[in-house]
Amino acid sequence: MPIVTCIEDLRLLAKQRVPRMFYDYADSGSWTESTYRANNTEFAPIKFRQRVAVDMSNRTLATEMIGQPVAMPVALAPTGLTGMQHADGEILAARAAEKFGVPFTLSTMSICSIEDVEAHTTKPFWFQLYVMKDRDFIARLIERARAANCSALVLTLDLQVLGQRHKDIRNGLSAPPKLTLPNIVNMATKPRWCMGMLGTKRRYFGNIVGHAPKVADMSSLSSWTANQFDLTLSWKDVEWIKKLWGGKLIIKGIMDVEDARLARDSGADALIVSNHGGRQLDGAQTSIAALPAIVEAVGDGIEVHMDGGIRSGQDIIKAVALGAKGVYIGRPFLYGLGAMGEAGVTKCLEILQKELDLTMAFCGLRDIRDVDRRILLPGTFPTA
Ligand code: FNR
């Protein structure tokens with residue numbers, strides 16, 4: 001058993017175990033990948049104030065996101081094709097998250113369906129929705145999420161058009177994988193992954209195939225999907241979806257203060273400061289840099305969450321100090337999943353929890369709810 005002590009260890013292990021097509025899909029950004037890289041590197045210049053000789057006993061990371069209790073202020077981000085990092089990936093990740101006490105968000109573009117995940121978990125999960133042109137299909141997806149007892153809808157607004165990812169094009173990314181000679185040769189070097197895939201029937205987009213009109217198989221799926229993302233999406237659609245859903249609503253993909261105010265005015269429960277992990281607009285500001293101005297712009301009118309570049313507990317506490325009520329992790333849990341399945345996702349959460357807890361102690365605090373920018377060294381963090 002390899003020794004795993006940090007998220008980077010999980011990444012290296014996943015790189016060995018997951019076919020290149022799917023590893024690259026996770027570990028890449030759009031165009032030059034500058035925003036993807038900077039999302040993480042811009043955490044480093046932010047410095048802590050280390051405190052000593054203060055009571056560090058009885059520490060707690062427990063808090064709430066959108067009024068729901070969480071063991072720490074972290075949720076699993078929606079990620080498409082998760083079931084291709086590891087067979088039944090969404091089910092395994094959802095199980096690890098529920099045992100840990102943090103929310104799991106199922107992507108519209110998942111391999112396992114809403115019903116698959118519901119059947120294999122015992123607590124409510126969150127469902128992420130892309131706005132497709134086919135409004136009847138959206139309405140049915142919302143109905144299915146409600147029937148599966150999902151406790152929040154995460155509405156992603158930053159994917160009307162798709163940021164180009166060079167690696168996906170070169171690798172001929174598809175689900176199930178295109179069996180070109182290089183892909184077959186590469187897969188042959190990943191026996192665990194292959195065994196897992198042979199043992200499951202979940203290899204397609206479970207929320208779509210068999211549910212969307214005329215999408216019975218993979219060949220009809222890709223052309224349907226390519227045409228479905230809605231170029232005319234507007235805040236009117238958000239209003240319609242909010243009404244239709246009627247439950248907790250989180251708006252994902254906000255990077256601008258004006259959009260943040262519109263999200264607040266839409267009556268959503270939370271917004272996520274997110275550039276889609278650097279997968280959409282390359283050259284966009286990093287999430288951690290955008291966070292303080294958005295927190296200031298919306299005041300108490302809406303809960304602010306963030307994602308992008310979180311790779312350690314130190315990154316989490318910095319985001320919380322700058323006003324995020326919670327953060328989401330995408331690639332870190334995907335690395336865990338690719339490396340070791342459910343145990344790898346648990347390991348990822350354990351690593352982050354330990355780093356977060358110890359960092360909070362070093363900063364002289366015992367309760368995550370007391371964390372604010374006073375733990376940061378003035379002049380080292382972004383401001384509004
Ligand atoms: C994503 N992301 C994403 N977001 C979304 O709303 N729906 C989706 O289906 C996907 N799919 C997806 C696939 C993969 C492989 C990745 C890496 C990301 C974006 C995701 O929810 C989140 O915003 C970022 O992953 C956060 O950045 P980090 O934590 O990966 O750095």
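**Entry 1: the annotated site**

For my own record, residues are numbered from 1 along each chain as its sequence is written. This is a predicted model, in which local features need pLDDT of at least 70 and side-chain atom pairs count only at pLDDT 80 or more, while totals for chains, interfaces and linings use all residues.

**Entry 2: the site residues one at a time**

I placed Tyr25 in helix α2, residues 20-26 (helices, H or I of at least four residues, and strands, E of at least two, are DSSP runs numbered from the N terminus). Tyr25 counts as buried because it has 23 C-beta neighbours inside 10 Å (buried means 20 or more other C-beta atoms within 10 Å of its own, exposed means 12 or fewer, and partly exposed is in between, with C-beta atoms placed from the backbone). Leaving aside residues up to four places away in sequence, Tyr25 touches Leu81, Asp168 and Leu173 (contact means that the C-beta atoms, placed from the backbone, lie within 7 Å).

Arg165 I found in the loop between β6 (152-156) and α7 (166-171), and Arg165 counts as buried because it has 21 C-beta neighbours inside 10 Å.

I located His276 in the loop between β8 and α13, where it counts as buried, with 26 C-beta neighbours inside 10 Å. The contacts of His276, not counting residues up to four places away in sequence, are Asp158, Leu159 and Gly253.

**Entry 3: the sheet**

What is the strand order of the open sheet? I read eight strands in the order β3-β10-β9-β8-β7-β6-β5-β4, with parallel pairing (two strands pair if DSSP finds at least two bridges between them). The edge strands are β3 (74-76) and β4 (105-106), each of which pairs on one side only. Helix α13 (residues 287-298) packs on this sheet, touching β7, β8 and β9 (303-307), and its direction makes about 175 degrees with that of β9 (axes are lines fitted to C-alpha atoms, for helices over the stretch in contact, and angles run from 0 to 180 degrees between N-to-C directions).

I then followed β7 (residues 249-254), in which six of six residues are buried. β7 pairs with β6 in the parallel sense over four bridges, and Leu155 has Ile251 of β7 as its bridge partner. Four bridges also join β7 to β8 (residues 270-273), again parallel, with Ile251 opposite Leu271. From β7 the chain crosses through helix α12 (residues 257-265) to β8 in a right-handed β-α-β crossover (right-handed means that, with the strands pointing away from the viewer, the path from the first strand over the helix to the second runs clockwise).

**Entry 4: the nonpolar core**

Among the 113 residues of the largest nonpolar core, those that touch the most other members include Leu153, Ile251 and Leu271 (such a core is a set of buried Ala, Val, Leu, Ile, Met, Phe, Trp, Tyr and Cys residues joined through C-beta atoms within 7 Å). Helix α15 (residues 331-362) gives the largest share of this core, 13 residues. For Leu153 I noted contacts with Phe127, Leu129, Ala145, Trp245, Gly247 and Leu249, not counting residues up to four places away in sequence.

**Entry 5: positive phi values**

Most residues other than glycine have a negative phi, so I looked up the exceptions. Leu81, in the loop between β3 and α4 (89-100), has a positive phi near 60 degrees; Leu81 is buried, with 21 other C-beta atoms within 10 Å, and is one of the contacts of Tyr25. Glu33, in the loop between α2 and α3 (34-41), has a positive phi of about 65 degrees and is partly exposed, with 17 other C-beta atoms within 10 Å.

Notes. Two residues are in contact if their C-beta atoms, placed from the backbone, lie within 7 Å.
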